[in-house]
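Here is a friendly walk through one protein chain, from its overall build down to single residues. Have the sequence and the 3D view open side by side as you read.

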Amino acid sequence: MRLGVLDVGSNTVHLLVVDAHPGACPLPAHSHKAELRLAQLLDEGGAIGPDGVDRLIAVVRDALQAAEDKGVEDLLPFATSAVREASNADDVLARVRAETGVELSVLSGAEEARLTFLAVRRWFGWSAGKLLVLDIGGGSLEIAYGIDEEPDTAVSLPLGAGRLTAARLPGDPPHPDDVRALRRHVRTEIARTVGDFSRFGAPDHVVATSKTFRQLARITGAARSAEGLYVQRELKRASLEAWVPRLAAMTSAERAELPGVSEGRAGQLLAGALVAEAAMDLFHVESLEICPWALREGVILRRLDHMGQG
């Protein structure tokens with residue numbers, strides 16, 4: 001069957017269409033996305049303003065049309081941290097439902113981490129052993145660890161690249177004092193969680209997902225996306241550490257000139273790099289591998305599992 005996943009994220013609204021059936025690898029058929037950056041549209045009270053809701057509804061309508069055009073039989077719509085943490089989340093969800101007919105399922109941070117972990121486990125298989133999975137989104141950082149398809153432990157922290165950029169890095173380029181303050185904040189938040197993971201022992205394989213990690217891997221020398229899903233891509237901590245001060249000194253426009261960095265994400269790349277560097281350092285990770293599957297694929301795989309049980 002043809003499935004569609006509608007992901008209302010903190011940065012983008014992304015429709016992924018796949019051809020899939022239980023027991024088979026989902027095959028991408030179409031991708032439709034729009035930059036919305038909901039995490040940066042919150043007002044001082046933490047609400048998504050009327051303009052942001054209007055834009056969200058328009059983008060969801062466009063995605064619905066694309067899903068119809070591509071013959072999607074079953075649409076799985078969900079929202080992550082930007083909607084989840086908005087002070088007017090219930091009102092936003094009600095308006096989206098009333099004006100588009102779409103019932104957005106709001107995933108908790110723990111659910112995000114678990115579904116992303118499932119996707120990574122399926123991609124690498126059992127031979128990967130104990131997995132540590134890192135995922136930097138626009139609104140949150142997810143960390144999960146385990147040996148099975150369900151992680152033994154998982155956390156979600158409010159350390160998304162878009163959120164941190166909007167709240168803590170106002171300059172372009174940012175002031176060095178702001179960069180240092182953000183670095184301290186990120187490390188303090190991540191350090192609080194390290195003990196929850198270290199008691200399970202060292203992972204056999206460390207994996208990262210998300211656009212932020214892919215872009216960081218690309219600027220440090222990983223293969224281009226055009227070379228395909230199955231090319232191994234790594235991010236080494238030493239290379240990342242060398243790039244962080246360079247990114248801090250650049251404007252958003254200068255970062256957008258880097259290989260693999262999109263204009264829409266260039267402004268938040270420094271915040272993402274600080275989070276990635278901190279996580280790799282505090283978890284003693286020298287190198288990690290980039291996984292092309294993440295949350296959307298996890299949602300699809302979970303749906304297929306339920307179909308197979310029916």
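## Ground rules and overall build

Helices (H or I, at least four residues) and strands (E, at least two) are DSSP runs, numbered from the N terminus. This is a predicted model, in which local features need pLDDT of at least 70 and side-chain atom pairs count only at pLDDT 80 or more, while totals for chains, interfaces and linings use all residues. Residues are numbered from 1 along each chain as its sequence is written, and side-chain values use heavy atoms, with hydrogens and water left out.

The protein chain has 12 helices and 11 strands. Its radius of gyration is 19 Å, close to the 19 Å that the globule rule gives for 310 residues, so the chain is as compact as a globular protein of that length. (That radius is taken over C-alpha atoms, and the rule is 2.2 Å times the number of residues to the power 0.38.) Along its principal axes, the C-alpha trace spans about 50 × 45 × 35 Å.

Buried residues make up 51% of the 310 residues; buried means under 20% relative accessible area, exposed over 50%, and partly exposed in between, with a 1.4 Å probe and protein chains only. Of the contacts with a separation of 6 or more, 69% are between residues 24 or more positions apart, where contact means heavy atoms within 4.5 Å.

## The five-stranded sheet

Which strands line up in the open sheet, and in what order? There are 5 of them, in the order β3-β2-β1-β4-β5, with mixed pairing. Two strands count as paired if DSSP finds at least two bridges between them. Strands β3 and β5 (105-106) stand at the edges with a single partner strand each, so one side of each is left without a neighbour in the sheet.

On one flank, β1 and β2 run antiparallel, joined by 7 bridges, and they form a hairpin with 3 residues between them. On the other pairing, β1 and β4 run parallel, with 6 bridges. Glycine 4 takes part in both: its bridge partner in β2 is valine 17, and it stands opposite leucine 75 in β4. Further along, β4 (residues 74-79) pairs with β5 in the parallel sense over 2 bridges, and alanine 79 has valine 106 as its bridge partner in β5.

Helix α1 covers residues 50-69, and at 1.5 Å a residue its 20 residues should span 28 Å; the end C-alpha atoms are 29 Å apart, which agrees. The expected span is 1.5 Å times one less than the number of residues.

Buried residues of α1 include Gly52, Leu56, Val59 and Ala63. What do the buried residues of this helix pack against? Their partners are β1 (2-8), β2 (12-19), β3 (27-35) and α3 (89-100). Just after α1, glycine 71 takes a positive phi of about 75 degrees.

Leucine 36 is found in the loop between β3 and α1. At 4% relative accessibility, it counts as buried. Leaving aside neighbours within four places in sequence, leucine 36 is in contact with residues including Val13, Leu41, Leu56 and Val59.

Serine 140 sits in the loop between β6 (131-136) and β7 (141-146). Is serine 140 buried or exposed? Its relative accessible area is 3%, so it is buried. The serine 140 side chain makes a polar contact with the side chain of glutamate 142 at 2.8 Å. (A polar contact is a pair of N or O atoms within 3.5 Å; within protein, one must be able to donate a hydrogen and the other to accept it, and residues adjacent in sequence count only if both atoms are side-chain atoms.) Beyond four places in sequence, serine 140 is in contact with residues among them Arg84, Glu112 and Asp135.

Valine 261 lies in the loop between α9 (252-255) and α10 (263-266), and is buried with a relative accessible area of 7%. Not counting residues up to four places away, valine 261 touches Gln215, Ile219, Arg255, Ala256, Ala266 and Leu269.
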